[in-house]
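Please look through the structure below with the sequence alongside.

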Amino acid sequence: MGMKTVEPSGVQSILRPGGTVVDVLKMQLSACAKEMGAEDVECAVTVSDKPEHGDYASNIAMALARTMKKNPMEIARELQTILMRDFSSQSPQVDQTHAVLHRSAGKDDELPTQSSEMVVLDKVDVAPPGFINIHLSSETISTRLNRVLNRKEGDGKRRGDTAISYQLLAISFKTQTKNFKKQRVMIEFADPNPFKEFHIGHLRNIVLGEAFSRGLEAIGCDVRRVNYQGDVGMHVAKSLWGLRDMKEESVRLRDTGIDPRVKAAILGQAYSRGSIHYESSDIAKHEIIDINKMVYRDDPSIREEWNFGRQISLDYFDLVYTRVGTVFTRFYFESEVAPKGMQIVLDHIEDGVFEKSDGAIIYKGEKAGLHTRVFVSKELYATYEAKDLALAPLKYGEYQYDLSIIMTGNEQSPYFGVMLAALKEIDPVLAGKTRHIPFGMVNLSTGKMSSRTGHILTAEWLLDEAKKKINIILSKNTSKYTESETEEIAEKAAVSAVKYAMLRVGAASDIAFDIDTSISFDGDSGPYLQYTYARCKSVLRKVKESSVVSRQLKAESSELFETLNLEERAVAMKILQFDDVVAESAVNFAPNTLCTYLFELAQSFNTLYAKHSILGEKIGSDKIQSDIVSSNNDIQSVTATCQRGPLAQGVGTAQSALRLALTSATALVLKDGLYLLGIETVERM
RNA sequence: GCUCCCGUAGCUUAAUUGGAUAGAGCAAUUCCCUUCUAAGGAAUAGGUUGUGAGUUCGAUUCUCACCGGGAGCGCCA
């Protein structure tokens, strides 16, 4: 039972024993390839882009063509034969192929044994120049759909069958995982600076950070969210100077009755004022520098002001955190790591990591192909870089992570390159576990944001603006909601619109932000997904009211799935893809993949909904006794309900059962998927 | 000046990590509510993927050059 390492190359490293459709298909393909005498190759199994190309497609034949020096079409045809022999529903050797699967996938005892239930194929096509197009059997669609329905709707966390974090992360970061335990990940994000505004750039950071965290949790990581805030430094000095200069407002700040938001705004103005004077007046500049020194040495004459201002910011930030639903387990502050950071730098001058230059202490990044940065200023302050050096061991001391992620704007990428190079010389182990993940900036269509000039949009402002727009839509809505319901819908839809707008594009790309066009409530948007969910739930509620007959959707009724129409099949196939998308999205730190998927699922469902009646024509008139599909969607109800009714009742009813199952599954997947994005659902809207 | 990132439809963007005829959503033009929620659905139009070469069965993706935009580059964070 010793520790085993993941092979860095070969099928072992690219197979993911998660039991998703793609995982299993890869295993099946590689089992067939092995039979042909092929070596392991890296190949892709992807969801087909169009119906003619089957449900899934693979390029394995083309990948093998190189090593085997054979025509890819020939290889594909051979694979086609073996696949159909071993994995079609007529295949007599089901047990044997199961054995093959387990051998190729799980030879390592330490791998969790997931249910790598065979994917039964209906048809395999070969298309030039060597694509293999796979059509799933109704049997597999049926069992897989049931597997989804068997889950409890709720949060995306408890998805045990994709608990494959160790291997996924190893692949993702191209490191060799030494053990297969649950991976512990510390993720630092948000990082607003006290004394400054919490602007929409921070909002994107926190929204992405939360989505990353939930994605990692979904694939089985233990995630700890932390926040690192710059409560010392020139920006603080500028703010404090500004406050001293703004007598009236400073007095107002002391008034306990004032809204925290107003207080925070005054602080922001103070910063802006300090910045402007810092540049325009030499006197002010020197005063600010003096303040900075006092803050750094925790001078009693400034301590109260500093504490007071800092607390205003922190209280205000808390408001934002709860509004967007992120809970941090630890707040780190620059003030707490600055002294240690300085010490670390001083301790590593003799061994040559750092050197003195022009009064300051620097790290020559050129030795690592980077650039030089100052770690301790000539005034003897720890700079940002020195503080980060101390932060790493502090974090590790409190939580022995396998991976430490730091999320910041991409403008800081060069900085982290140098900081991590220095850390590598001091503590190679910690440096190896640390990853900087940059995300794109939020640019205003009216120009770059700058808290220096006060040209910024705050997170709160944006959320409120979205909420106003929602309220206009709600007031036109004919449905009657209670006041508290209206409030809940407006708030959740507003947050969802903003979050989705920030998640639907790649995390690394900059966003061109324009309030009028960026936040939308229809089409590819958060509220559209919420609406679709609410629509599903509405249908399921109707079932409860009028009791409808359905039946067992398990194996014996997979015949239902043989006659799926285009719209039904589209929804079913989408649902089978969910687990693969969750894993992809998490491992690649790409919530936008999940966004796209959920949108497509919702689209498929809405098309089905518009074109076909889910409950059937005669709903209400049917008096057949049955169980009731409970509104919380639990499988007992759905399948139990589905089980009772006699199949002989007619096509309409059978189809209702099928469509209800699809509706149920859609709701479930939407709820879980939105949860992973950090978006809440509403039952009605 | 040096380094890095970006350039896809009028706008915002995607493309399963080199795959098949480059997908969507807004905006535009038409249709569809006496039927389960119209924040919905159906349809039309919109592209030489900045330009030019190269690598190969195959390029939006990799290489090089150029054009255009952004960021970073010693005492901010």
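Of the 685 residues in chain A, 48% are buried. The model is a predicted one, and every value given here is computed from it. Chain A has 26 helices and 14 strands. Its contacts can also be sorted by distance along the sequence: among those between residues at least 6 apart, 76% join residues at least 24 apart.

The largest nonpolar core has 182 residues, and V498 and L598 are the ones with the most contacts inside it. Helix α26, which spans residues 651-677, gives the most to this core, contributing 14 residues. What does V498 touch, if its neighbours within four places in sequence are left aside? The residues in contact with V498 are then L462, L463, A466 and I519.

Two pairs of helices show how elements of the chain meet. The crossing in which α6 passes α22 is left-handed. On the α6 side the contact is made by I141, R144, L145 and V148, and on the α22 side by A572, I575 and L576. Sorted by class, the contact of α6 with α22 has six nonpolar residues, one charged residue and no polar ones.

In the second pair, the axes of helix α8 (residues 200-218) and helix α23 (residues 578-587) come within 9 Å, with a crossing angle of roughly 125°. Because of that angle, α8 is oblique to α23. Here α8 passes α23 in a left-handed crossing. Which residues make this contact? From α8 they are G215, L216 and A218, and from α23 they are V582, S585 and A586. By class, the contact of α8 with α23 comprises four nonpolar and two polar residues, with no charged ones.

Two single residues can be followed in the same way. W241 lies in helix α9, residues 234-245. Is W241 buried or exposed? W241 has 25 C-beta neighbours inside 10 Å, so this residue counts as buried; the cut-off for a buried residue is 20 or more. Not counting residues up to four places away in sequence, W241 touches G274, A284, E287, I288 and I291. One of these, A284, is 43 residues from W241 in sequence, while the two C-alpha atoms are 8.1 Å apart in space.

L253 is found in helix α10, residues 247-253. There are 19 other C-beta atoms within 10 Å of L253, so this residue is partly exposed. With its neighbours within four places in sequence left aside, L253 is in contact with K263, I266 and I312. Y271 is 18 residues from L253 along the chain, and their C-alpha atoms are separated by 15 Å.

Definitions and conventions: Residues are numbered from 1 along each chain as its sequence is written. Chains are lettered from A and ligands numbered from 1 in the order in which they are written. This is a predicted model: local features need pLDDT of at least 70, side-chain atom pairs count only at pLDDT 80 or more; totals for chains, interfaces and linings use all residues. A crossing is left-handed if the near helix is turned anticlockwise from the far one by less than a right angle, and right-handed if clockwise. Helices (H or I, at least four residues) and strands (E, at least two) are DSSP runs, numbered from the N terminus. Two residues are in contact if their C-beta atoms, placed from the backbone, lie within 7 Å. Ala, Val, Leu, Ile, Met, Phe, Trp, Tyr, Cys and Pro count as nonpolar, Asp, Glu, Lys and Arg as charged, and the others, Gly among them, as polar. A nonpolar core is a set of buried Ala, Val, Leu, Ile, Met, Phe, Trp, Tyr and Cys residues joined through C-beta atoms within 7 Å. A residue is buried if 20 or more other C-beta atoms lie within 10 Å of its own, exposed if 12 or fewer, and partly exposed in between; C-beta atoms are placed from the backbone. Axes are lines fitted to C-alpha atoms, for helices over the stretch in contact, and angles run from 0 to 180 degrees between N-to-C directions. Angles under 35 degrees count as roughly parallel, over 145 as roughly antiparallel, 65 to 115 as roughly perpendicular and the rest as oblique.
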